[in-house]
Each structure stands twice: as structure tokens, then as C-alpha cells.
Amino acid sequence: MYNDKESQKIVDIIQNYARKHSLFILAYGTGCGAIEIPPTMTSRYDAERFGIRGSATPRQADVLLITGYLATKSLKRVIKVYEQMQDPKYVIGFGSCTINGGMYWDSYNTINVLDKYLPVDVYINGCMPRPEAVIAGFVKLQKLIQQGKADGWDIYKKNIDEYKANQKKIITNWVMPDFNF
Amino acid sequence: MNSLVLLILIIAGGALLSYFGHKINKILGNITVFAVALIIPIYWFTQVDFTETVSFTVSGFHMELGYNMYGRLFSMIVMILSPLALIYAIGYMKDQKKLATFYFSFLFSILGMTGILMSRDFVSLFIFWEIMTWSSYLLVIFLGKDVQKTGIKYMVFSAIGAYAMLMAIVIIYKNTGSMMLSDYFGSFAGFTLQTKLLTGILLLLGFAVKSAVMPFHVWAPGAYSNTPMAYTSVFSGALSKMGIYGLGFVVVNLFAQANLEIVGYVLAWLGAITAVLATFSAVFQHDAKKLLAYSSIAQLGYIVTGIGIGTELSIMAGLYLAVLHAAFKGVLFMVVGAVERQAGTTDMNVVSGLVRKMPFTFFTALIAIIALAGIPPLGGFVGKWMLYESLINNGNFLMVIMIFLSSTAAFLYCFKFLFGLFLGQQELEFDHVKEASPIMIIPMLLLSVFLLVTGAYPGIVFKYIAEGMTNLGFHNVNWQMSVLTNAWGDSVNVQHVYLSVVVVFVAFLIFITWRGYKHATKISTKDISSSGEMIKPEDNMTYAMDFYKPFERVLSPILKYKINKYYEDFGKGLEALFDFMRRIYTGNGQTYAVYVIVFLAILLIFSKSIFGY
Amino acid sequence: MEGIGYKILGAVLTTILAFVVGMFYGGFSRKITARIQNRVGPPVWQNFLDVLKLLFKKTSVRYGFMHHIAPLWMISMSITTLMFVPVLNDGLFFTNLNFSGDIIFLLYIMVMGSLGMALGAGSTGNPNSAIGVSRGLTQMVGFEIPWVMALVALMIQYKTTSVTGLMEVQSQSGTWLMFSSPFAFIAALLAMPGMFRYSPFDIVGAPSELASGPISEFGGKYLSTMMTSGSIFAFVKLTLYVDIFMGGASNLIVLVLKTFTLYMYPVLWGTVSARFRTEQSVRYFWGWPTFFGFIALIYAAF
Ligand code: SF4
């Protein structure tokens with residue numbers, strides 16, 4: 001894509017600047033980590049000063065925030081939501097559960113490594129991570145965007161077969177259309 | 001031969017030809033109807049001489065036919081809308097039975113309207129009026145739906161109107177000794193106040209029934225929605241305008257001249273009340289036909305208000321709205337007909353998402369709805385603007401607020417109409433729906449083009465209105481091609497509005513379509529952001545049931561009172577009365593003799609004081 | 001000073017001005033809300049970044065023709081309205097089409113944009129959008145009534161129906177209409193928050209209830225066009241209020257000051273109130289605001 005070379009065109013700089021400072025997040029809050037989102041957004045930690053803002057629908061969102069463990073049942077939903085988002089889009093894995101399963105690593109109905117199913121740009125570790133950590137994660141994402149390295153959406157598109165194969169291994173009753181973005 | 005007689009013969013002959021054509025076979029019949037639908041307007045626009053008159057005397061009554069400019073304006077509505085509706089009907093009625101009767105009645109109602117608009121005396125007016133009423137009655141009961149309620153309601157109200165008119169005519173004849181309209185107008189000033197009011201109001205009653213003014217609107221929703229839609233577009237578009245035609249000359253030529261503006265004022269208030277209540281009723285309908293029927297009543301309310309106020313600008317507004325209403329309601333009823341034919345139902349709770357199936361129908365509906373809602377830059381706005389300005393210039397502030405309330409609430413049903421039928425999710429059960437046949441689409445498109453053009457150049461209609469208003473006593477009516485001016489000199493240049501909207505729209509269309517369109521994937525209406533919920537193709541997520549529940553809650557204190565209820569109570573009362581009457585009719589001859597004598601005695605005693613002779 | 005080129009330049013400049021000012025107002029309102037909630041808040045130019053980012057989105061979806069043109073419809077109506085509202089009292093440069101329209105026309109064209117958005121929202125098939133539209137239109141019936149009453153009162157009182165005419169009345173008499181016709185001003189002011197859709201009248205968007213309502217399926221370029229249109233429209237509405245009730249403005253700084261003061265009223269009210277239900281909102285508008293509207297009408301007529 002357009003950031004293979006180290007040098008960026010002026011358009012890219014403007015683009016990335018705008019993208020970096022305006023992150024609409026869609027929180028997929030089924031894990032227990034979701035409880036840390038409200039303090040992050042409200043008065044105490046105020047994520048809005050970084051241009052981070054909640055959004056209600058995937059069509060408008062830039063960042064998909066997966067807060068914690070994903071049951072196999074809800075993975076299907078997450079994939080659908082992710083595919084409904086518009087490029088460029090980023091995924092933040094939130095909490096240990098998304099990295100390696102965390103305390104649910106041997107559970108029969110949760111996935112262990114989120115990155116196998118969706119392209120994660122930034123992991124925030126901790127069980128659960130504190131708001132400072134969450135904000136640190138966002139700042140990291142902003143840095144990546146600025147450098148043009150947050151291209152998970154592109155990787156997902158390129159390796160769609162691999163991702164789909166992984167997803168289908170988990171989701172046995174696949175009812176949705178294969179590829180809907 | 002006289003061109004007017006020939007016109008009537010052509011229409012009547014067309015009716016007979018289509019009747020026999022359809023008796024022989026369908027194709028022949030349809031070809032005949034198509035030919036008739038072309039010949040009538042072509043003849044009218046090219047051959048009819050508007051200065052000609054024809055007069056004859058039948059059993060002592062002198063009858064005279066001849067156009068005046070005011071009648072010609074309304075004739076134009078009839079002559080443009082009806083042939084288009086006839087052509088539409090060829091496609092729309094394809095699968096129906098009894099087509100011969102249908103086209104016969106259809107053409108006879110056109111004959112009736114044409115006759116009304118050129119009659120110069122009360123006898124021919126009344127005859128043609130009855131032709132129109134009866135032929136439309138045949139069409140109201142044509143589908144055999146709800147005949148008991150709708151047909152009887154229509155007939156009862158039409159009869160009330162007709163007999164009111166007849167009574168007026170008799171009184172006029174007694175007072176002037178002539179049946180000519182002009183004699184009546186001429187000698188009106190010399191009547192006593194009682195006669196003035198009696199004749200005028202009886203005539204108004206006759207006309208008000210046809211134009212569905214509160215409280216005589218009860219027949220309209222049922223009649224409009226149970227008639228085949230091809231005819232309803234004429235019914236609501238042109239036939240109801242016959243009432244407006246009559247109201248116009250009674251209010252303006254008679255009462256305003258005789259310093260009885262109060263009658264017009266009362267009428268204007270009735271119009272405003274009609275508009276508000278009918279709009280509120282329309283908002284809560286879930287059948288698209290019923291919605292449009294109530295909306296017609298509301299729109300006629302605006303027109304009546306405009307006529308009733310009686311200033312130059314307001315009459316112009318009323319007449320302009322009458323023309324426009326014919327166009328957009330014509331389109332909308334045709335649209336509903338097309339949907340009914342293609343999808344099988346017009347229930348907005350059931351049908352949804354037809355826009356992808358019927359794009360042309362949707363487009364015409366959109367144009368017509370914008371015009372109906374009176375939003376610039378389309379033609380409907382011009383009429384609304386003139387109506388408001390005339391009311392404001394007159395200082396009728398309460399009426400302005402009522403009309404505004406009604407037309408703001410009209411946005412609600414306007415949106416619901418488009419949303420209910422065309423937008424929302426696509427359903428599996430409507431997957432088979434196809435676009436209507438071209439013979440149905442073309443009349444709709446032609447009328448929508450008219451609506452588009454009047455947005456920038458309302459002058460093409462003003463021209464005829466101004467000529468027509470000379471017969472109402474307004475000479476040198478001030479109009480311009482695309483600048484509207486009110487009595488205080490404030491103006492709107494609709495051409496600039498049009499220009500601005502179109503330029504910005506096109507600029508941004510290019511902007512958003514360039515690059516954007518290619519990157520935008522077209523997706524199905526089931527692929528919505530639903531918080532991860534998997535919507536299956538057979539799930540229906542459209543929110544259409546009780547669409548305006550919040551509004552209903554707001555209005556719940558008012559909605560308790562429905563005028564229909566009063567009529568029903570009245571009907572129940574009548575039933576009780578007749579029950580009582582049945583007991584009087586004992587079947588004994590002597591009792592009847594007594595009744596007759598008593599009745600005659602009462603008549604003798606009171607005739608002096610009631611009738612004055 | 002005539003010439004079509006000059007006119008076009010004026011129109012484009014006015015549009016840019018409206019866009020920039022409207023965007024900054026949005027940013028300021030976010031900042032002020034944040035400060036009231038004891039937060040730092042986003043920078044005031046945050047809205048520009050949002051619009052820019054949405055513009056740079058690589059993909060978007062559309063549900064058909066109506067969905068595609070709905071944002072265009074909105075923005076053409078906003079800009080057209082802008083063309084007909086006088087920006088400055090005697091500005092030579094910003095007299096776009098001010099003399100070609102009057103108040104009744106403005107009232108009508110101002111609702112056209114909402115209808116376009118409603119149709120676009122309806123064509124997505126998202127039930128949340130439809131619910132939002134239903135609420136929005138119902139609310140519109142609510143706030144239009146006192147607002148129209150106020151305007152009709154002014155029109156009857158001063159015997160003119162154009163905005164420029166009302167501005168002339170003010171410059172001749174030297175007082176603002178908000179002082180010479182106080183009841184009309186009160187009615188219009190009470191109706192105003194409904195137009196801006198801040199709390200407690202944010203029942204249309206209602207992020208936590210309806211997933212942002214009508215706009216929930218619009219993304220990328222479409223959403224960015226809508227946001228642009230929204231900020232232009234906010235500017236237009238404020239300018240119209242200033243023109244009618246506060247004597248217009250003789251230069252841009254005065255204009256910005258006046259409109260901003262006016263703008264603070266719905267914003268500040270919004271920060272401290274919870275959301276109404278739809279029928280509560282309409283009942284509010286048909287209560288005191290309509291009452292003052294009636295008084296204004298009676299005051300004007302007699
Ligand atoms: S990482 Fe910890 S807090 Fe987060 S979802 Fe897993 S168990 Fe819960």
C-alpha cells in the first residue's frame with residue numbers, strides 16, 4: 001500500500017493527521033474489561049481530549065475496541081460488526097484475554113488469540129487494564145497511524161482466506177455471507 | 001357544426017364506442033379508449049372555440065352552453081388529467097372484469113364535468129351535475145368493496161347536495177323568472193337579505209359536498225379509497241374541483257359583491273378546520289389509499305380557504321393550488337394504483353422497500369410528494385406561499401397558524417407515504433414485484449414534469465388563472481413568470497431558488513459521486529448495523545406499525561372527538577325514529593287518511609310563514 | 001460591482017464563512033460542555049478533523065439512490081437557505097440572493113433538508129433510523145408552531161414579510177425587535193432549542209437509545225457532507241435569529257459575537273438537562289412558547 005516507503009506524501013501526512021486525531025470508537029463491551037471504558041471517557045481521564053469519541057454504529061466508527069474475552073458465539077457478531085466498518089479501521093485488543101486467553105485460556109467456549117481472527121493493531125495488556133493503560137494504548141495507535149503502520153484492515157483484506165479459514169474453524173454454523181464489506 | 005356541441009358528442013360517442021369496444025373484445029376496447037383519450041384533449045385544445053355559445057329551449061326552459069374563462073381554467077384540469085388517467089387505466093384495469101361499464105362511466109363523468117363548466121343556466125348545470133354524480137357513483141361501487149357503507153354515504157351526501165341545489169334553483173326561478181346564471185348574478189343585489197342568504201347558502205351546500213368541506217367530508221375517504229385508482233386520480237383531482245368552481249363564483253361573484261364577505265369568511269374558516277383535522281386523520285392511516293384520501297380533503301381545505309378569503313392573491317392561490325392539486329394528487333393516486341397492482345396491497349404496515357423494484361414510480365411519487373408538501377423549489381410551494389401571504393396581508397393570523405399547523409403535520413404523512421410503500425427493508429414476499437408497465441408510468445411522468453416546470457415557471461399557470469379571474473371580477477391581475485409578489489411588495493423569485501438548489505445539488509453530486517460512488521458498495525437493506533444481530537432474509541425489521549405513536553400520544557386528548565361518530569349517532573337516532581315510524585304505519589287505510597289530512601292542515605297553516613306564499 | 005463572477009465569488013465566500021464559523025461553534029460547544037463537566041475537552045478545531053477524517057475514509061456503503069443523494073439534498077438546502085439569509089446589514093459582498101426570498105420561503109426551505117435526510121434514513125432499512133425520523137418529524141410539528149407564531153406576529157406588526165424589511169425596521173427605529181416586540185422574541189427563543197436538537201430535545205439522534213438515529217447508516221463521505229451541512233445550517237439559523245431579533249450585524253466580528261451569545265443558550269441548557277420523551281417535548285412547545293406566541297400575535301394585531 002501507500003506506506004511501503006519510509007517517505008510519506010504530503011497528502012498522506014494530512015490524512016494521517018486527521019485520522020490520528022479523530023478516532024471514533026465502537027466498544028464491543030461483552031468482556032468484563034468494558035467496565036473501564038466509562039471512566040476513560042468521562043471527567044476523570046477524559047479521552048475526548050485526544051479526539052477520541054464514542055460512536056454508536058459501526059458505519060461511523062474507526063476503532064473497534066474488543067474489551068476482553070470473546071465467546072465463540074460472540075465472535076460471529078464481532079466479525080460482522082468489523083466487516084461493516086469502513087476502511088481504514090483499527091482493532092484494539094483490550095485485556096489479557098484477547099492476547100492469549102488470559103484467565104480463560106483453557107475455557108471451552110472462548111477464543112484465545114484474537115489476532116488469528118481479526119487483525120489487531122494494538123494490544124492493551126492487563127487484567128483489566130487501567131484507564132491510564134487504555135489511553136496509553138490509544139496514543140500508541142495514534143503513533144502507528146501517524147507513521148502509516150496501522151494497516152490491519154489492509155492485511156485483513158489481503159489475507160482474507162486465511163482469516164476466514166480460522167474463523168470458520170471456530171464458528172461451526174456459519175450463516176452470514178462470506179465476505180460482506 | 002358548433003364546436004361545443006361537437007365536443008359533447010365526441011365525449012358521449014367516445015363513451016359509447018369504448019362501451020361497445022369492450023363488449024366485443026378487450027384489445028379493441030383498449031385501442032378505442034386510447035384513441036378517445038387522445039382525441040378529446042387534442043380536439044379541446046385545437047378546435048374548441050371559447051367564444052361560441054349554443055342555446056336551445058327544452059319545454060319552456062331556455063338553456064345555454066358556452067365557455068367563460070373561469071370555466072376554461074377548470075376545463076383545462078379536466079382535459080389534461082382525465083385523458084392521462086384514461087391511458088393509465090388501460091394498464092391499470094387490464095385484469096378487471098366489466099371494463100365496458102367502467103370506461104362508459106368514466107367518460108360520462110368527463111362529459112358531466114365538461115358540461116358543468118360550460119353551462120350558463122341552472123337547468124343544464126343541474127343535469128350535468130347529476131350525470132357527473134351518477135357516473136361517479138357507479139365507479140365508487142365498481143369494485144364492490146364496502147358498497148353498503150361507502151356507496152350509501154356517497155349517495156346520501158351527493159343527494160343532500162343535489163337537493164339543496166335544486167331547492168336553490170327553484171327559489172331563484174321563483175324570484176327572477178329565469179334560469180340563466182347571469183340573470184341570477186345580475187339581480188342578486190336586489191334580493192332581500194333572506195333570499196340572498198337562502199339561495200346562496202343552498203348553492204354553497206351543493207358545491208361544498210363535492211369539495212368535501214367539513215362537515216360534509218364524511219363520504220370522501222371511503223369513496224376515494226374504494227374506487228379504482230385510475231378513476232380516483234380524476235375523482236380527487238378534477239371532480240372535486242367542480243365544487244371549488246361553484247364555490248368560487250358563489251362566494252366571489254355573489255357574496256363579496258353584495259358586501260356579505262362574512263359568508264366567505266366562514267367558509268374560509270371551515271376550510272382551515274377541514275385542513276387541520278383531515279391532516280391529523282391522514283397521519284394515522286396505515287392504508288396508503290386512505291392516507292391520500294384524507295390528504296385530498298386537507299388540500300381541498302386550503303383551496304376553500306383561499307377562495308373564501310376572497311382577495312386577489314388568495315383566490316389566485318386557491319385556483320393555483322386547485323390546478324397543482326389535480327396534478328400531484330393525480331400522480332399520487334396513480335402511484336398507489338401501480339403499487340396496488342404490482343404488489344397486491346397498499347397497506348403500509350405490510351408493504352415495504354419497493355424503491356429498488358419500482359424506481360420510476362418512486363421518482364414520480366417523490367416529485368409529487370415534494371409538491372404536495374409545498375416545499376421549494378417545486379410548484380406546490382408557490383401556491384402555499386400565496387395563500388400564506390394573502391392571509392398575512394389580511395391580518396388573519398389565527399388562520400395562518402392553523403394552515404401552518406396543518407401543512408407542518410402534512411410532512412408527517414408525506415414521509416410516511418414514501419417510507420411505508422417504497423423505503424424500509426426489502427421483503428422476500430415482495431421479491432416478485434416488478435416495475436409497472438410503461439403505459440402506467442408515462443402519464444405519471446408527464447404530470448411530474450409539469451410539477452417540476454411549475455417550480456421555476458409558475459407563470460404558465462398564472463396566465464390562465466389571471467384570465468379566469470376576469471370572470472370573478474378581478475381585472476388586470478398582477479402576475480409574473482417567476483416572481484411572486486404580495487400586497488406589501490415583498491417578493492420571492494422562484495427562479496433564483498430553483499437555480500440555487502440545482503447548482504449546489506449538481507456541484508455536490510459531482511463531488512460525492514466522483515471517486516465516492518465507486519468505493520461505495522451497494523448493499524442490501526438487511527445488512528444494517530444491528531449490534532451484531534444476524535438478520536435473516538425473512539426477518540422484517542422495518543418500523544412501520546404505529547409509525548407516529550408519539551404524535552398520537554400528543555394528540556390523544558383531541559382525537560377522541562371524531563366527526564364520523566356524530567354521523568353514526570345521528571344514523572342510530574334515525575334508525576330509532578324509523579322504528580317509531582313503523583309503528584305509525586299500522587296498515588289501516590283510515591289511519592293513513594287521517595295522517596294525510598293532518599299533514600295538509602299543517603301545511604296550510606304554516607306555508608305562509610315558511611315559504612312566504 | 002455587478003457581474004456574475006462577482007456573485008459566484010460572494011456565494012462561495014459566504015459558504016466558506018458559514019462552514020468555518022459553524023464548525024468552530026461546534027468545537028466551542030464541545031469544549032464548553034467538557035469544561036462544565038470538569039474535563040479538558042477536545043481542541044476547538046476538533047470538528048474540522050472529524051470532517052476531514054470522514055472525507056478520507058476509503059470505503060462507504062450505500063443502500064441505493066435515495067441514500068446516495070440524501071446528504072446532497074441536505075447540503076443543497078442548507079446552502080440555498082444561506083444564500084437567502086442576509087449575513088451582514090449592509091454588506092456589499094454578502095448580498096447573495098437576499099432580496100429574492102422572504103420569511104415564509106425560509107420557513108419552508110428550512111424543513112426541506114430534514115425531509116431529505118428522513119428519506120435517506122428511511123431507505124437504509126434500519127429501524128433505528130425510522131424511529132428517529134418519526135420522532136424528529138413529530139418534534140418539528142411541536143417547535144414550528146411557536147416559531148411561526150412569533151414570525152407571523154412580526155410580519156403583521158411591521159407589515160413586511162421579508163427579512164431585509166424587518167432589518168430595515170430595526171435600523172430605522174434604532175431598537176432591536178427583541179425589545180420592541182418582546183413576546184415574539186420570547187416565543188421564538190423558547191422554540192429555538194428544538195431546532196438545534198441539544199438536550200433535552202435530542203430525541204432524534206439519542207445516541208444511547210437509537211444508535212444515533214437517522215444517520216446511523218451513513219459513513220465516510222456521506223457523513224462528512226452531512227456534518228458540513230449541519231454546521232452551515234447552524235450558522236444560518238443563528239444568523240436568521242440575529243437578523244430578525246437582534247438588529248443584524250454591521251461587520252463580521254459583531255455577527256460572530258451575537259450569534260455565539262445566542263448559540264450558548266441551547267448549548268448551556270443542553271449540558272444541564274436530561275432527554276425528554278417525544279410527547280413531553282411537543283407538549284413543552286405547545287405550552288409556554290405557544291402561549292407567548294399567542295400574546296405576541298394579539299400584541300401585534302391590536
Ligand atoms: S482480561 Fe481480565 S478483565 Fe479483561 S476480559 Fe479477560 S478476565 Fe476480564
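Biologist: Nice. By class, how many nonpolar, polar and charged residues does the shell around the ligand have?
Modeller: The shell has seven nonpolar, four polar and no charged residues. In this scheme Ala, Val, Leu, Ile, Met, Phe, Trp, Tyr, Cys and Pro are nonpolar, Asp, Glu, Lys and Arg are charged, and the others, Gly among them, are polar. This is a predicted model, where local features need pLDDT of at least 70, side-chain atom pairs count only at pLDDT 80 or more, and totals for chains, interfaces and linings use all residues. Residues are numbered from 1 along each chain as its sequence is written, chains are lettered from A and ligands numbered from 1 in the order written, and side-chain values use heavy atoms, without hydrogens and water.
Biologist: Which residues are around the ligand?
Modeller: Among them are A:C32, A:Y69, A:C97, A:M103 and A:M128; the cut-off is a heavy atom within 4 Å.
Biologist: Switching topic: how much do chain A and chain C bury between them?
Modeller: About 2400 Å², with 54% of it on carbon and sulfur atoms. That is accessible area (1.4 Å probe) lost on putting the two parts together, summed over both. A:E48, A:R59 and A:Q60 supply 24% of what chain A buries there, more than any other three residues.
Biologist: And how many salt bridges across that interface?
Modeller: Seven, each a side-chain nitrogen of Lys or Arg within 4 Å of a carboxyl oxygen of Asp or Glu. One joins C:R39 and A:E48, at 2.5 Å from N to O.
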